[in-house]
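Hello,

Here is the structure we talked about. Please open it alongside this email, and then read on for what turned up.

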Number of protein chains: 6
Amino acid sequence: MSRLDAYATPWTDVARHLAEGEGLALLPFGALEQHGPQLPLGTDTATATAVAERIADRLDALLLPPVHYGDTWNNAGYPGTVSLSPETVTAIAVDIGRSLAASGARALVVVNGDWGNRQPLYTAVRRLNAERILPAIALDYPGMDDAIAQVRTSPGAAPGLNHAEEVETSIMLAVEPQHVHPERYAAEYPVFPSDFGTRPMQLHPFSPSGVFGDPSHATAEKGERILAATVEGSLAVLADFISGLPAR
Amino acid sequence: MSRLDAYATPWTDVARHLAEGEGLALLPFGALEQHGPQLPLGTDTATATAVAERIADRLDALLLPPVHYGDTWNNAGYPGTVSLSPETVTAIAVDIGRSLAASGARALVVVNGDWGNRQPLYTAVRRLNAERILPAIALDYPGMDDAIAQVRTSPGAAPGLNHAEEVETSIMLAVEPQHVHPERYAAEYPVFPSDFGTRPMQLHPFSPSGVFGDPSHATAEKGERILAATVEGSLAVLADFISGLPAR
Amino acid sequence: MSRLDAYATPWTDVARHLAEGEGLALLPFGALEQHGPQLPLGTDTATATAVAERIADRLDALLLPPVHYGDTWNNAGYPGTVSLSPETVTAIAVDIGRSLAASGARALVVVNGDWGNRQPLYTAVRRLNAERILPAIALDYPGMDDAIAQVRTSPGAAPGLNHAEEVETSIMLAVEPQHVHPERYAAEYPVFPSDFGTRPMQLHPFSPSGVFGDPSHATAEKGERILAATVEGSLAVLADFISGLPAR
Amino acid sequence: MSRLDAYATPWTDVARHLAEGEGLALLPFGALEQHGPQLPLGTDTATATAVAERIADRLDALLLPPVHYGDTWNNAGYPGTVSLSPETVTAIAVDIGRSLAASGARALVVVNGDWGNRQPLYTAVRRLNAERILPAIALDYPGMDDAIAQVRTSPGAAPGLNHAEEVETSIMLAVEPQHVHPERYAAEYPVFPSDFGTRPMQLHPFSPSGVFGDPSHATAEKGERILAATVEGSLAVLADFISGLPAR
Amino acid sequence: MSRLDAYATPWTDVARHLAEGEGLALLPFGALEQHGPQLPLGTDTATATAVAERIADRLDALLLPPVHYGDTWNNAGYPGTVSLSPETVTAIAVDIGRSLAASGARALVVVNGDWGNRQPLYTAVRRLNAERILPAIALDYPGMDDAIAQVRTSPGAAPGLNHAEEVETSIMLAVEPQHVHPERYAAEYPVFPSDFGTRPMQLHPFSPSGVFGDPSHATAEKGERILAATVEGSLAVLADFISGLPAR
Amino acid sequence: MSRLDAYATPWTDVARHLAEGEGLALLPFGALEQHGPQLPLGTDTATATAVAERIADRLDALLLPPVHYGDTWNNAGYPGTVSLSPETVTAIAVDIGRSLAASGARALVVVNGDWGNRQPLYTAVRRLNAERILPAIALDYPGMDDAIAQVRTSPGAAPGLNHAEEVETSIMLAVEPQHVHPERYAAEYPVFPSDFGTRPMQLHPFSPSGVFGDPSHATAEKGERILAATVEGSLAVLADFISGLPAR
């Protein structure tokens, strides 16, 4: 067996897969967000989709088509970024969960690719669970931070901030190299105030290019290692999640 | 010139395109909806994307990545269909319009691929215009009905109902033939009550397969003719829409 | 038997009627909307009420008092028009349906008299049915278009647009002739852009008077024929609707 | 001059009246609520309309058609009562106020006929004023209590509770005598708990008939005196309200 | 036995108290509202808390910590007043009621200290009861008006308006004398328009100091008598409320 | 100078302080949440208030009375916990910010004492800033983690989880020792699944007592050191926040 792509599959096959298989549905939740002059707006969606595909392969799960739009208010000062409100992000995930429950799915696994989606997806997942609509979990790339610490050779711009630099460029070189512009690599290390990260801030005053770090250290191999570790980290978390699901 | 794909393009190029070009953004709005045993769940998204791509090519417009989920309550009785509430569909389109306005776009053109999205997208477009957020229009395939009348050789199941039959199968043969299952073609002509179409009804009680008509008459050439006419019909409507936009 | 007017009847009689009769409640949903210099603001309410009265007579139904206000954003540019938001229209119909269910009614039939109410009433009816609050249907004058095609002698201003012209003036001559001002009849045939009807537009830029067509061809007899056909068309649709109601 | 009835008047006349006159719009806000076996469900609407008509006559104001539905949760246990939620009542009044402001009205005067509407209309009026949408006031029959104290000859069922007894029956004998059923007069004096009136309670557990007092003392003359005093009380309040309106 | 203060008590003791005792929870609902130059912003909260403490003592009830913020729009024109919207006040009380129901409480008694909270708390209590979440009641100081009539020696500024004058100053002298500034006592008797009290009005145009009456007549003894009468009035109302609760 | 307590101060003094001083308002946001058998339900409010008092002392700020209720869904399975929905928490903070802006405050500083409030307060602060209502920041005890790492002598139950154990008990021994029950100290080290912390989970299935760690190592001195470090960490963050405020 292997994953089933909902987008490309008739309902009759999807219905059978949900009824006879594990009943897991994976939803990549991305964003249309600036990632510097060298990476495309779809970077977060591409990454979340790649991670979700690999997880779905390993779990024989149903792969849903990605949500291309997220809450990316932090980057909304860069033209081309298209941001949803947090309430809309929450509503999308809750509606999808409710619909999957009616389709006979056992659980929804959201693979989140955008920092700004964390809070609204947390809210959605809590509601899906608390109101007993459908067991759900939102994964924020478990295992990725450790892998990053191992592979990165350029410093980060701020703790926990990996945006349009070595890490994300490496991942895109692994996933969609045709959309990467290496000739535009240019490092940027903004000076942040001490309250950066402690309150909601938009990023465009700090970096004109949208880069936060140094993309020139990126390689596809680093990206591949990061992705692989993220998939393993996700599977480890999901093992417990799945074992805790009610039996059919 | 030609269209610019937002998904695959860095923000710097998109910002320049919006500032220097026509400033039009095209959004394909699809659905994950049953289309019988022979067509994939992504049929509406695939069709809306194909139409939007061609329009964007002709208008040098920015093509946004599709929304893969819509309000498809009518088909929600078929497992695998994943439906959003109408309020969520409206919110997505309004949020995208608001964000595009902040990015310097001059107008949003939604190419709607799903019948159930009509009302919530109408509401969204009205709000975008009435509250002067951004000039917007939602296209429901202008010109398609005439083209269908010319090419179809099998009867429709009900007036205005083209679902998973000759028409939609022809379009998918033109757009994504690899996702069509001709070996599963099977006509279905349900008996409808006289109040069908006059009030909200779900479709699954009428057709076990989800087919409404006869897909066996489908050909890629018919699909191509329907698509071409829809693109021309859309461009005709957009000519007036664009000429009515405020000058920059 | 005959219809029962809720406005003029004590609750004890209404309760008995709902319990012992068919249990149908008819709600005329109108608008306070400009209809040119020759017709009153209450035209849509008057028409919907007349149709609802006749249907209620034929079905021994409970006739509710009309809702005098609707979503008439399209005409909001003419002073005197008073418009509700679509959300408010939906809320009114849902609340009434919920209350009727608690009163023992079997179904709600909304007779809609205003184009702008179509979408919000569709949303309301879908919710009433989907959430199993009360079986409901909203009638948008079934049968009226055919009758219009037979009686009208002046051209329409645009396909499907019958506003303050021969048709509506005829109906008001049949229903409330004392509120019609024949001395003010003045035809107006605006020039519309090609995208008229494809997106939300307000009407006042197109016709200073609010007339769209030629009221001078109006006669009470034409109005009577249109009304009679609309009542028959409504009864035909309702026959199936009623036969599909759960038995008591 | 005299009042102008919006329902029966073309927009052109209404627009002129609003522009050249005082610019006051009166809205009777009623309810479809049980009033015992002897009075019709429309009693509150009939009363509010009668009061509003007389005020409008005195002020040369625009009289809007009544809202026939209100928040009548307290009586929702009697079948036939049709209640809106408080949020819907608020939304109706706010929407109407917003629309009147766009039509050039100077102020909205709501004549409230239903106890349950008091709180949602207060909320609406506060919003209309606080957000500077339109100056507005909701009248809860000023002057009526004093008049009642003078004319009533039967005791009330509870302080401040005049429901379907001598007072309301007298008013309806003055306003719509054809809808009163004197042969059904039957007094009812429920025993109330001491916390009655201190918290939200529904009325049906206390009076099977819906009468709270003794309708047999009702006369049209008493009703007329109550109405006349209420109109005078309203005009006194409105004198200050109007004098405080911003000059045109 | 005596009251239990939730703020200062571990959950284990509270859980036992709710399970084994009467199961009543008392919530003082205050406001941060101007009370002239001589009384603190917390006056309403202090008063409601004092009343709630005494009631809780008498009923062996659970005393919840106060809500320090209310809807005090009427006083929002005085800097320092901090007002919530009515929707937020309603939401707080409904959420607390829902949570108490899950904790095993039998009923919620809100002791309201702020005029502006009356309507939103009424809405909350109605929802808690109507949706059968938890039996609830909101007390607006029953018995206080009679006690005021007996003790006051200075006239009120308007009927029913006791704000920052003899009455409230007396209560604060009894409850928190350390926060009263007698050296600032200064009477103020504004001239009100005749429509005062008939519609939503803010108070700051009428009294620059925020005083409405004469605080110089205040004594702690008067305050104590008012408080004692309010507690007795509350207990009388609660006796019936409690006797009407479903048995455990 | 020193802090000003809004609760205990007349509006006239508060208005002068806001106008002439720094214009900072501090809001302790707590919760009524279980903290084991040895600590009171008000622990989070007590801690946030203590921190806020010390910050306000150092900054000559206005100290607002605490919000005693928060979003504490994670602990809602322990009776006595009283939780608000996240939407209500957000609404409270936004309303308070809006009201402070009208009072002339320059900024709102929320001192958050409850983990569950983090997301809804983040949403509130983002809205206050993004909609330019009032500059605002929510502090989640900056500097506390480092101090904890230095003083704790018992292991934590899980990374980042300090609940009703050595840390919180130490803080309460420093702040409100009279409400601590040392005779009830009992360690609890639950076994957590590997997906703990990755998705919304309620805590009561893991620890019957509500303790997560070992309170017996608690001392007032440890608590004092933690508080002092938290105050210093907060002041460091606030230094940049304040320097970034628009000048008056």
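**The interface between chains D and C**

Chain D and chain C bury about 3900 Å² between them, and carbon and sulfur atoms give 62% of that area. On the chain D side, the residues that lose the most area to chain C are Tyr7(D), Trp11(D) and Tyr69(D). Together these three make up 21% of what that side buries. Please keep in mind that this is a predicted model.

In terms of contacts, 51 residues of chain D touch 51 residues of chain C. There are 24 residue pairs in polar contact between the two chains, counting pairs with both residues at pLDDT 80 or more. Which elements of chain D give two or more residues to the side that touches chain C? They are helix H1 (11-20), helix H2 (43-59) and helix H3 (86-102) of chain D. H3(D) provides the largest share, with seven residues.

Two salt bridges are found across this interface. One of them joins Arg184(D) to Asp13(C). Their closest N and O atoms are 2.7 Å apart.

**How the two copies are related**

Chain D superposes on chain C by a rotation of 180°, with 0.0 Å of shift along the axis. The RMSD is 0.0 Å. The two copies are therefore related as by a two-fold rotation axis. Both use the same surface: 100% of the contact residues of chain D recur in chain C.

**The sheet in chain F**

For the fold, I looked at chain F. Five strands make an open sheet there, in the order E1-E3-E2-E4-E5, and the pairing is parallel.

The partner of E1(F) is strand E3 (residues 62-63) of chain F. Two bridges join these parallel strands. Leu4(F) stands opposite Leu62(F) in E3(F).

Helix H3 (residues 86-102) of chain F lies across strand E2 (24-29) and strand E4 (107-112). This helix runs at about 160° to E2(F). Helix H7 (residues 220-243) of chain F lies across E2, E4 and E5, running at about 170° to E5(F).

Best wishes

Methods. Residues numbered from 1 in each chain as written. Chains lettered and ligands numbered in written order. Predicted model: local features only at pLDDT ≥ 70, side-chain atom pairs only at ≥ 80, totals over all residues. Heavy atoms only, no water. Pairing = 2+ DSSP bridges. Helix = DSSP H or I, 4+ residues; strand = E, 2+ residues; numbered from the N terminus. Contact = heavy atoms within 4.5 Å. Axes fitted to C-alpha atoms, helices over the stretch in contact; angles between N-to-C directions. Least-squares fit on C-alpha atoms with pLDDT ≥ 70 in both. Buried area = accessible area lost by both parts, 1.4 Å probe. Salt bridge = Lys/Arg side-chain N within 4 Å of Asp/Glu carboxyl O. Polar contact = N/O pair within 3.5 Å; in protein donor to acceptor, adjacent residues only side chain to side chain.
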